[in-house]
Amino acid sequence: MDIQTEMRQGWIKTLAKSNLKQLETKVAEIGKLPAYNFIRPPEIGLTMVRGRAGGTGQIFNLGEITITRCAVKIEDVMGFGYVAGRSHRHAELAALCDGLMQLPEWHDVVKSVVLEFIEAEVNHQKEIEQLQTEATKVNFFTIARGD
């Protein structure tokens, strides 16, 4: 896998985990956006979520979740958006940002205005969740008995 593919996977992941209201606000800060067409308008579907026993063991099907996907075409590139849940607007904005990130004249603007803010917010939420989890952690220990 090349570095460009890894970078794109990273920003698609960030956009998928973003908060819709924050994403809308940040996209609006960019200003006038280029025209785009839907290749695949936002649509809701299901996908299977898989897990591993103990986090590292055998794979098993955990269940299904609802996702919304969208594909847009901006100039000569296609942008894709996949988000958990049932938000047409979120999937559309994620696809739009993915497409803009592939265009050299928009890449730096979208990265600095939208992605860096969203990444910071996602990391902040992750830290809060980790602190809340740590607060409920219970440590068990045993005392050896006998000889």
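Let me begin with T14, which, when residues up to four places away in sequence are not counted, touches L115, I118, E119 and V122, a contact being heavy atoms within 4.5 Å. This is a predicted model, in which local features need pLDDT of at least 70 and side-chain atom pairs count only at pLDDT 80 or more, whereas totals for chains, interfaces and linings use all residues. Residues are numbered from 1 along each chain as its sequence is written, and side-chain values use heavy atoms, with hydrogens and water left out.

T14 is found in helix α1, where helices are DSSP runs of H or I with at least four residues, strands are runs of E with at least two, and both are numbered from the N terminus. T14 counts as buried because its relative accessibility is 12%, the cut-offs being under 20% relative accessible area for buried, over 50% for exposed and partly exposed in between, with a 1.4 Å probe and protein chains only.

Turning to the core, the largest nonpolar one has 25 residues, and among those with the most contacts inside it are L15, C97 and V114; such a core is a set of buried Ala, Val, Leu, Ile, Met, Phe, Trp, Tyr and Cys residues joined through side-chain atoms within 4.5 Å. Helix α3 gives the most to this core, with eight residues. V114, leaving aside neighbours within four places in sequence, is in contact with L15, L23, K26, V27, I30, C97 and V109.

Finally, C97, L100 and M101 in α3 meet W106, H107, V110, K111, V114 and L115 in α4.
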